[in-house]
Amino acid sequence: MDNNQFLTDWGLTLMVFLPLAGALVMLLIPRAEETTHKVVALAVALATAGIGGAVIADFDYGATDTLQFTVDESWIEVINARYAIGIDGLAVPLIALTLLVVPLCIIYSWNHFPEPRNPKAFLVLLLVLHTGMLGTFVAQDLILFFVFFEVVLLPMYFLIGVWGGEQRQYAAIKFFLFTLFGSALMLVSFLALYFVADVDSFVMSDLARGVAEAGVDHRTQMLIFGGMFLGFGIKVPIFPFHTWLPDAHTQAPTVGSVILAAVLLKLGTYGFVRVALPILPEAAADWAPWIGLLAVIGIIYGALACLAQTDMKRLIAFSSVAHMGFTMLGISTLTDFGLNAAVMGMVAHGLITGMLFFLTGSVKERWHTLEIRRLGGILVKAPRLGWVLGFSAMASLGLPGLAGFWGEFPAILAAYEPGADLSQTTFRVYMVVAAIGTVFAAGYLLWLYQRTAFGTPTEEFEHEEIHDVLPSEWIAWVPMLVLILAIGIFPNIVFRVSDGQMTAVAQSIAAAVGG
Amino acid sequence: MSVLATVAGLGHAAQAARDAFERPAVDWHALAPDLVVVGVLCLVLVADLFLPEDRKGVLPSLAGLGLLAAMVPVLTLAADGTDRVLFGGAYAVDNFALVLKALFLVSGYVVVLLSTNYIAEGDYAEGEYYFLLLASILGMTVMASARDLVTIFVALEMLSIPAYLLAGWRKRDPKGNEAGVKYYLMGVFATGILLYGMSLVYGLAGTTQLAGIGEALATGESVPVISLAVVLVVAGFAFKVSAVPFHTWAPDTYEGAPTPITAFLSVSSKAAGFVALVQLVVIGFAGQTEVVRPLLWLLAVLSMTVGNVVALRQTNLVRMLAYSGISQAGFILAPLAVVGQIGESTLTSVVTYLLIYAAMNLGAFTVVMAVARKTGSAEIPSFGGLITYAPSLAVLMSIFLFALAGIPPLAGWLAKFVAFRAVVDADTGWAYALAVIMAINSVISLGYYANVAREMWMNPVPDGDTSRVRVPVSLTAALAITGLLTIAFGVTQWATDLGDVATFVASVSP
């Protein structure tokens with residue numbers, strides 16, 4: 001009992017700040033001791049996963065729609081910012097995803113740190129990033145949320161800019177400026193929200209109550225939602241704010257791309273579901289058709305752009321735009337079904353696209369190129385690698401039985417019957433367009449697989465010795481592959497957790513719009 | 001006989017006059033911080049006369065310890081907690097004054113730390129340097145308490161005239177001369193404008209005390225001559241805080257002045273200008289917000305935008321910091337542009353911003369000085385590859401730069417946040433427009449701050465010289481103070497709490 005009490009009070013805080021503490025310890029260790037750095041970083045990441053795992057195991061799955069493990073302490077009193085944290089059915093899957101991906105990334109990079117190496121700096125930044133991501137998912141106060149939301153920017157900027165590809169400096173600053181632009185306006189929105197809600201608190205549930213009670217006029221709500229839309233939409237990214245993504249992904253080092261795809265993009269969609277929808281339900285209902293429109297444009301645009309790519313990594317980056325389109329479509333329906341699909345879409349996309357970026361990293365390391373026409377015959381040269389690539393590509397195109405399917409199919413289905421008095425005709429058109437998008441997805445992924453994995457190796461690599469999957473790669477990949485399959489067969493792993501909270505959100509929106 | 005009688009009578013009259021003259025009751029405790037600085041600056045001047053050339057090294061220690069000693073009465077006054085008003089309301093020691101005195105003393109101490117090696121190794125006159133520096137700081141601590149036009153003016157001259165001399169301290173360098181002369185000429189010009197404005201204000205209000213001016217101008221309707229007076233006074237201080245379009249002296253002066261003095265001008269001197277401006281706007285011109293608001297709105301928008309855009313094009317880090325300081329001044333001005341509509345949060349915002357800005361900007365200058373000891377240059381490309389041979393300096397510089405850019409959790413975000421909060425609180429169309437302009441500008445500013453970080457982290461070392469950078473103890477201490485504060489202010493409530501308690505004593509507030 002004592003133990004549990006400790007976990008309830010301190011579990012989340014410990015989980016969030018342990019990586020940061022680890023990073024500080026690593027700063028004191030000399031740079032030359034690379035092995036020590038790797039061991040410490042991995043140990044910290046595993047310990048974080050252990051604490052997080054204990055919290056998630058202790059989570060009451062009978063009450064997923066209520067915040068658990070809550071802490072609410074005063075932080076910066078003058079501006080009424082509180083250290084309010086807690087998790088519910090929406091946060092748990094994403095926290096689990098983060099806790100899984102970071103240690104795997106450390107294991108994956110064990111023996112191949114990208115140039116200019118320097119494992120110390122690389123791992124310190126990775127751990128700071130870890131704190132930022134976990135913090136965003138547990139924060140229940142808008143200012144705390146904002147701080148963590150921004151904390152991830154700096155490490156990512158340096159990961160891309162220092163360890164990235166040829167165009168790394170351009171890609172890094174583009175990523176930074178785009179995201180910062182969105183979050184600056186988002187902050188103005190948060191402030192406006194604070195003043196119109198008039199509850200002297202930035203805690204999300206207080207603000208939602210305040211907005212409902214104060215009867216904030218419609219135009220103000222729409223404007224405030226607009227600011228948040230920019231902040232979260234750029235992070236997702238929603239078409240037409242997506243242009244930073246292909247550059248950032250293509251130039252980032254493998255681990256950077258994996259984390260970017262697996263967790264960072266989710267911060268945007270998470271923000272919509274956590275902040276924008278529950279606090280401003282009426283504005284959400286008015287914005288929903290436009291969000292849905294941009295989502296389906298993203299789906300089609302992303303798919304078409306994929307077909308035009310000559311670089312494997314860039315292709316997968318554009319496929320992210322399409323996949324996040326499905327997630328946003330699910331959100332824009334404002335139904336419990338669509339929101340659940342969105343949560344599933346986040347987890348599935350995180351696992352699958354994360355996996356694909358791992359694979360492109362490994363291909364790049366072996367072939368020293370990602371140009372699709374120079375690759376070919378991966379199955380001949382490195383059969384296991386080829387099979388894993390095939391498996392991940394199938395998962396990505398939404399093959400039933402694998403995780404990707406459960407992100408896309410329910411989102412499309414939800415558009416058939418949107419909630420909150422949204423126009424059925426509009427959303428049914430979206431539904432058809434999105435369905436066509438899945439066909440495109442199958443097209444570009446299969447075509448990619450055909451060109452890279454099938455056939456015979458190109459002349460330049462014909463006689464080159466290429467090794468197959470390494471043990472460290474297996475350790476990093478197996479958990480993700482197993483989860484992709486497990487969620488594919490038994491999607492309730494995620495739905496059971498998310499459903500309670502998503503139903504509550506959908507109901508509150510319906511009530512606000514109907515009332 | 002009659003002569004004697006006359007003499008006796010005169011003596012009598014003098015005696016009577018002596019009796020009639022009542023020495024005003026002086027609250028020595030309230031004056032103690034300023035008096036300690038006066039004592040130390042005399043001590044430095046005298047010690048300089050008697051110290052042999054090879055013992056001059058104790059002068060900076062003396063100056064630094066003196067500034068810290070002056071902190072003691074500030075703390076006892078704060079612990080005491082009573083607001084004290086002296087000299088018939090011309091001089092107040094309230095929470096506002098105490099917080100700002102502390103800011104001036106601590107930032108002055110950091111400037112002394114920065115100067116220690118620079119001045120000792122640079123073949124400059126040492127004793128006079130610290131004497132003038134302390135004199136200028138004295139002007140600032142007086143400014144924090146000044147609630148009267150004459151006191152404000154005396155404090156302003158007290159802090160400016162030594163600064164003109166210090167700006168031209170590198171007298172063998174043409175750029176140093178340019179710095180001093182430009183600063184002096186522009187400075188006295190601004191003083192002239194300010195004085196003209198003040199004389200009009202006195203003529204209109206019939207008093208030099210801010211509280212009296214506030215009452216006198218509050219009742220009068222909008223008269224052109226009042227508007228003129230307000231505009232002239234604000235313009236005079238806009239020069240001091242280097243707000244656009246009164247900023248033209250800043251980049252050249254910053255580049256040519258000794259780097260510690262550049263840091264001093266861009267932090268302490270600017271803060272002193274803001275202190276006076278805040279007092280005038282919030283107390284003296286409380287009834288004239290119709291004139292003040294649009295004027296400051298314009299100054300804020302111009303400063304942050306022009307400062308930013310020009311900073312983007314700089315290749316010299318000191319010049320870049322000069323323009324970035326102009327842009328930051330725009331952010332500090334922003335809450336004043338909605339003054340009168342938001343109550344207390346104007347003061348909170350300005351004071352919080354000044355505290356945080358001092359920590360991060362002084363920190364950035366410290367790193368520039370530490371690196372320049374090796375490279376001898378403040379050109380941005382000379383910072384290439386700093387992370388490979390001086391990782392601690394590179395990390396610290398990144399912390400200061402991204403703090404200036406306002407990236408959480410480093411202190412700058414909280415400064416910007418309180419400014420945003422004050423502006424949005426006003427809830428008018430102009431205020432929202434200002435908030436959006438601020439948001440866009442804070443993104444633009446990242447462009448040049450990140451550019452320096454890019455140089456340090458991502459580019460090769462320009463001349464391939466990767467030998468260590470030797471950082472002297474004084475600079476290490478300065479880095480420790482500013483670095484810790486830059487992080488602590490961002491994640492704790494210290495800065496906002498200090499900003500929040502910094503209120504004017506009731507008897508002189510509107």
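Reader: How many residues does the contact take from chain A and from chain B?
Author: This is a predicted model, in which local features need pLDDT of at least 70, side-chain atom pairs count only at pLDDT 80 or more, and totals for chains, interfaces and linings use all residues. Residues are numbered from 1 along each chain as its sequence is written, chains are lettered from A and ligands numbered from 1 in the order in which they are written, and side-chain values use heavy atoms, with hydrogens and water left out. Contact means heavy atoms within 4.5 Å; on that basis the interface takes 32 residues from chain A and 38 residues from chain B.

Reader: Which three residues supply 18% of the area that chain A buries against chain B?
Author: Buried area is the accessible area (1.4 Å probe) that two parts lose on being put together, summed over both. Between chain A and chain B it is about 3,200 Å², with 79% given by carbon and sulfur atoms. On the side of chain A, the three residues that supply more than any other three are A:Val78, A:Gln169 and A:Phe195.

Reader: Which element gives the largest share of the side of chain A that touches chain B?
Author: Helices (H or I, at least four residues) and strands (E, at least two) are DSSP runs, numbered from the N terminus. Strand E1 (68–76), helix H5 (142–151), helix H6 (153–163) and helix H7 (168–197) of chain A each supply at least two residues of that side. The largest share, 14 residues, comes from H7(A).

Reader: How many nonpolar, polar and charged residues has the side of chain A that touches chain B?
Author: Ala, Val, Leu, Ile, Met, Phe, Trp, Tyr, Cys and Pro count as nonpolar, Asp, Glu, Lys and Arg as charged, and the others, Gly among them, as polar. By these classes, the side of chain A has 26 nonpolar, 2 polar and 4 charged residues.

Reader: With which side chain does the side chain of A:Gln169 make a polar contact?
Author: A:Gln169 is in helix H7 of chain A. Its relative accessibility is 18%, so A:Gln169 counts as buried (under 20%; exposed is over 50%, partly exposed in between, with a 1.4 Å probe and protein chains only). Beyond residues up to four places away in sequence, A:Gln169 touches B:Arg454, B:Met458 and B:Asn459. The polar contact, at 2.7 Å, is with the side chain of B:Asn459.

Reader: The backbone oxygen of which residue does the side chain of B:Thr388 reach?
Author: B:Thr388 is in helix H15 (residues 386–389) of chain B and is partly exposed, with a relative accessible area of 44%. Not counting residues up to four places away in sequence, B:Thr388 touches A:Arg31 and B:Val461. At 2.5 Å, its side chain reaches the backbone oxygen of B:Gly385.

Reader: What kind of pair do the rings of B:Phe87 and B:Tyr91 form?
Author: Rings of Phe, Tyr and Trp (its six-membered ring) pair if their centres lie within 6.5 Å; planes under 30 degrees apart count as stacked, over 60 as edge-to-face and the rest as tilted. The count over all chains is 46 aromatic pairs. Here the centres are 6.2 Å apart and the planes stand at 70 degrees, so the pair is edge-to-face.

Reader: To which residue does the cis peptide bond from B:Val244 lead?
Author: Most residues other than glycine have a negative phi, and most peptide bonds are trans. In chain A, the peptide bond from A:Phe239 to A:Pro240 is cis, with omega near 0 degrees. In chain B, where omega is about 5 degrees, the bond joins B:Val244 and B:Pro245.

Reader: What is the phi of A:Phe69?
Author: A:Phe69 is in strand E1 of chain A and is buried, with a relative accessible area of 7%. Its phi is positive in a residue other than glycine, near 55 degrees.

Note on methods: A polar contact is a pair of N or O atoms within 3.5 Å; within protein, one must be able to donate a hydrogen and the other to accept it, and residues adjacent in sequence count only if both atoms are side-chain atoms.
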